[in-house]
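Colleague: Could you walk me through how to read the packing in a model like this? I'd like the general idea and then the case at hand.

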Amino acid sequence: MPDRDKGPRKVTSFDVARVAGVSRAAVSRAFTPDASVSPKTREKVFEAAKELGYRVNYLARSLTNKRSDLVGVVAAGLDNPFRTLQIENLARVLIARNFRPILLPTSQEADTSTVIGQLLHYAVSGVIVTSDAPPTEICEQCAAEGVPIVLINKGNDIPFVDRIISDDRMAGHLAASHLIESGARKLAVMAAPAISYTARRRSEAFLARCKQLGVEAQMLQVRINDYRSGYDAAADLAASGIDGLFCANDYMACGVVDRVMRGRSRDDAPPLSIIGHDDIPQASWTAYDLTTIRQPCDIQAEQTVDLLMSRIAESDLTARVEFTPVTLIKRRTA
């Protein structure tokens, strides 16, 4: 009698090869993207695999190949809708390029190097970092082990580490110019520049453009670029006389709009013009109808994976920086 405690025997690639009438090497090639195998052989292998219920064990394959198809995506601030959108687009592009994303959530307080160190145990093909940039030491360790890292919207200039950066200078200029053209004469930018590279760059560009155009502008610093910070900071806007505001991201701008519009009719004109950044889905909601600077996650994801794949192919390339274009999206708030 069969030993029921052991359960059904696991189907292997040898079983698939036997049913398909091909070699085990042909089975391996059939499941390897871009491998040399005839369409007829691949079809026979896939049919046999479906009949037997066979699935490729990619982790086991990575032990043999010394490198898996896994790519680690390190991210913090998952409460921000933009981060969710960013990760979704990265995952889509990675899967389309025959990689398998692993998400490792972290936080502003966490040590990013610890998270990346954990990824190295899985023989990942690369790491994409959307949270705080990792220390130089962990990047050098990854380079030594042949594991590429691509940083998104981070300022650190590290050898052999590529970066994708949203065009924050253009964003600041677009926001300042549009507010001034709309009639605002006392402007401000709301951001947490101490903890965010992008917030700092956007703020500096905005203030520089205002100065260039001869219009008064000031910085309104908050602790974090989130909804609550925007909502709380907006309490003093009415008394300040500010009539044009640029928020470092839409998440914070939504908090400002909710506080400013509290107790007003939805159809009332807001007492000041407000521009956000990112063009998250909520920005187009009727409740906000937020004028914003679009940071296209789809383009950004393609740029990121392009850099990652070229770095995998040539690990000793000089560190590169590419900029993601931005666009002003006009809505009701400005």
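Modeller: Start with the nonpolar core, meaning buried Ala, Val, Leu, Ile, Met, Phe, Trp, Tyr and Cys residues joined through side-chain atoms within 4.5 Å; buried is under 20% relative accessible area, exposed over 50%, partly exposed in between (1.4 Å probe, protein chains only). The largest one here has 28 residues, and Met 190, Leu 237, Leu 245, Cys 247, Val 256 and Ile 274 touch the most other members. Strands S6 (186-191) and S8 (244-247) and helix H12 (250-260) each give two or more residues, with H12 supplying the largest share, six. Elements are DSSP runs numbered from the N terminus: helices are H or I, at least four residues, and strands E, at least two.

This is a predicted model: local features need pLDDT of at least 70, side-chain atom pairs 80 or more, while totals for chains, interfaces and linings use all residues. Residues are numbered from 1 along each chain as its sequence is written, and side-chain values use heavy atoms, leaving out hydrogens and water.

Colleague: Which residues is Leu 237 in contact with, leaving aside neighbours within four places in sequence?

Modeller: Contact means heavy atoms within 4.5 Å. For Leu 237, the list is Leu 220, Ile 242, Leu 245, Val 256, Val 260 and Leu 272. Another core, of 18 residues, lies apart from the largest one and includes Leu 70 and Cys 142.

Colleague: Is Arg 83 buried or exposed?

Modeller: Arg 83 counts as buried because its relative accessibility is 18%. You'll find Arg 83 in helix H5 (residues 81-96).
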